[in-house]
Amino acid sequence: MRAKTIFLLLITLLLTSAVNARSRYPKREFRGAWIQCVNGQFQGMPAEKMQQLLIRQLNSLQEAGINAIIFQVRAEADALYKSSYEPWSRFLTGVQGRVPSPYWDPMQFMIDECHKRGMEFHAWINPYRAKTKGTVALSPIHPYNRNPERFVTYAGQLYFDPALPENRKYICKIVRDIVTRYDVDAIHMDDYFYPYPNPGEDFPDNISFAQYGRGYSNKADWRRDNVNVLIKEIHETVRECKPWVKFGISPFGIYRNVKSDPNGSNTRGLQNYDDLYADVLMWTRNGWVDYMMPQLYWEIGHKAACYETLIYWWNRHSNGRHLYIGQDVKRTMNAADVNPKYSQLNHKIQLSRYLDNISGNCFWPAHPLLENYGNVGNALKYDHFAFPAIIPAYTFIDDKCPAEVKSLKARWIPQGYVLEWKRKNTKDEMQKQVYFCIYRFAEGEPIDLSNGRNLVTTTRETGYLLPYQKGTEKYTYVIT
């Protein structure tokens with residue numbers, strides 16, 4: 001009986017060890033970073049210098065294990081890309097409307113560079129904001145100068161009036177233009193819907209409410225519906241253009257406090273639903289977004305908004321959509337864990353891997369990773385993200401696997417052995433082979449494609465130079 005108990009215990013330990021190894025290095029995990037323009041890091045920078053800076057940033061982020069870049073391309077009805085509708089951004093050239101000289105397209109550049117590195121590119125746009133406080137002059141082609149009656153001023157900034165159907169149509173036109181002309185992997189929005197409340201100032205939409213009230217007696221419900229309609233229409237626009245492109249949102253971290261709603265979180269802070277008029281759970285329940293990325297920027301143990309309380313709450317309310325967690329890098333690295341010798345980084349990442357409905361993290365902003373703030377870059381590179389990971393599969397968009405690769409072979413070239421294969425041709429856009437996964441196994445090692453430790457890299461190419469040295473060890477390679 002004792003021997004049987006020991007045998008069963010041994011099996012349990014082996015199984016637990018295998019499960020822990022997989023959860024510690026998951027094969028599929030979103031590992032993103034936000035790169036913003038509104039901090040002025042690119043403003044007025046010569047094109048060549050900015051390109052060199054972006055390449056250095058992407059190389060560093062790739063080394064840290066990041067596999068998705070969220071890049072701000074539309075901050076105030078402007079563009080860090082070639083647009084027929086909106087002016088070049090002052091956050092790029094220093095003056096709104098000034099064309100880059102020499103001419104280049106930062107979004108196209110970033111798409112190309114991200115895809116070279118096997119990273120996804122998410123085009124980050126702000127839907128309603130049309131002028132920030134630092135913008136002293138608007139370009140003649142800025143949408144406000146064409147239709148000033150569609151805008152309102154609040155807290156010193158200019159906004160598209162969310163109530164106007166023509167504004168929703170216009171924002172969808174911008175999304176359609178980006179998705180149609182650029183090979184983006186996703187359209188991304190952050191937490192700016194109706195603006196954050198300015199104490200003592202009401203958002204100026206009484207006239208719009210009287211004209212477009214649609215029978216609502218409660219203005220708060222009406223405002224939420226204005227945003228709901230926009231989210232639904234953007235979702236439909238993206239699906240109509242390219243059904244493989246995702247639509248994701250990164251809302252403020254609190255949906256509602258339990259004091260306002262029994263279904264809310266045990267927190268005491270600003271609320272998406274009540275203060276920003278963003279009914280984010282409706283968007284996931286109705287399938288209008290593909291991923292939700294709540295900004296859980298607080299510490300574990302925060303008195304008003306504990307990170308641990310919130311991550312469990314969001315895990316319970318994923319509603320079948322992908323759920324990634326937005327992390328504030330500096331606050332995480334500055335916060336002490338249970339053992340005060342360590343930051344909360346490991347605790348937070350392990351929580352995200354432990355909970356069933358969470359499949360990744362995104363880091364705000366990218367700069368602290370690049371600067372290795374508090375050793376965060378090294379911690380990701382050598383520990384948490386030591387092995388590459390694939391973006392989680394969006395099976396609710398498409399659950400059919402692509403065909404196998406063709407004609408896989410190894411060939412000697414002057415640089416060493418190279419693996420080569422061919423794509424399976426298809427006219428079905430949803431089944432085209434875009435990314436390839438390269439796995440490696442030591443001689444005699446069982447083929448296990450579920451373990452992230454066996455994943456060497458991902459690539460869009462149809463070849464891979466093997467790390468061949470003296471040829472003393474044998475490996476099996478698998479391409480999917």
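This is a predicted model: local features need pLDDT of at least 70, side-chain atom pairs count only at pLDDT 80 or more; totals for chains, interfaces and linings use all residues.
Two strands count as paired if DSSP finds at least two bridges between them.

Nine strands make up an open sheet with parallel pairing, and their order is β10-β9-β8-β7-β3-β2-β1-β12-β11. At the edges sit β10 (322-323) and β11 (325-328), each of which pairs on one side only. Helix α11, residues 307-316, packs on this sheet and touches β9, β10, β11 and β12. The direction of α11 makes about 165° with that of β11.

How many bridges join β3 to strand β7? There are 3 bridges between β3 and β7 (residues 186-189), and the two strands run parallel. If you want to find this pairing on screen, look for Trp124, which stands opposite His188 in β7. β3 also pairs with β2 in the parallel sense, over 6 bridges. There, Ile69 has Phe121 of β3 as its bridge partner. Further along the sheet, strand β8 (residues 246-249) and strand β9 (residues 291-292) are parallel too and share 2 bridges. In that pair, Gly248 is opposite Tyr291 of β9.

**A closer look at β3**

Is strand β3 mostly covered or mostly uncovered? Strand β3 (residues 120-125) is mostly covered, with 6 of its 6 residues buried. In a regular strand the side chains alternate between the two faces of the sheet. In β3, Glu120, His122 and Trp124 point one way, while Phe121, Ala123 and Ile125 point the other way. All of these residues are buried.

**Two helices side by side**

Two packed helices are described by the angle between their axes and the distance between the axes. For helix α2 (residues 47-63) and α4, the angle is about 30° and the axes are 11 Å apart. The crossing of α2 and α4 is right-handed. From α2, the contact uses Met50, Gln51, Leu54, Ile55 and Leu58, and from α4 it uses Pro106, Phe109, Met110, Glu113 and Cys114. Sorted by class, the residues in this contact are 8 nonpolar, 1 polar and 1 charged.

**Backbone spots worth a look**

Most residues other than glycine have a negative phi, and most peptide bonds are trans. The table lists some backbone angles from this model to set beside that background.

| Site | Backbone feature | Angle |
|---|---|---|
| Ser101 and Pro102 | cis peptide bond | omega about 0° |
| Trp364 and Pro365 | cis peptide bond | omega about -25° |
| Ala77 | positive phi | phi near 55° |
| Asn372 | positive phi | phi about 55° |

Where do these sites fall along the chain? Pro102 is in the loop between α3 (90-93) and α4 (106-116). Pro365 belongs to the loop that runs between β12 (360-364) and α14 (367-370). Ala77 has its place in the loop between β2 (68-74) and α3, and Asn372 lies in the loop between α14 and α15 (376-384).

Conventions:
Residues are numbered from 1 along each chain as its sequence is written. Side-chain values use heavy atoms; hydrogens and water are left out. Helices (H or I, at least four residues) and strands (E, at least two) are DSSP runs, numbered from the N terminus. Contact means heavy atoms within 4.5 Å. Axes are lines fitted to C-alpha atoms, for helices over the stretch in contact, and angles run from 0 to 180 degrees between N-to-C directions. A crossing is left-handed if the near helix is turned anticlockwise from the far one by less than a right angle, and right-handed if clockwise. Ala, Val, Leu, Ile, Met, Phe, Trp, Tyr, Cys and Pro count as nonpolar, Asp, Glu, Lys and Arg as charged, and the others, Gly among them, as polar. Buried means under 20% relative accessible area, exposed over 50%, partly exposed in between (1.4 Å probe, protein chains only).
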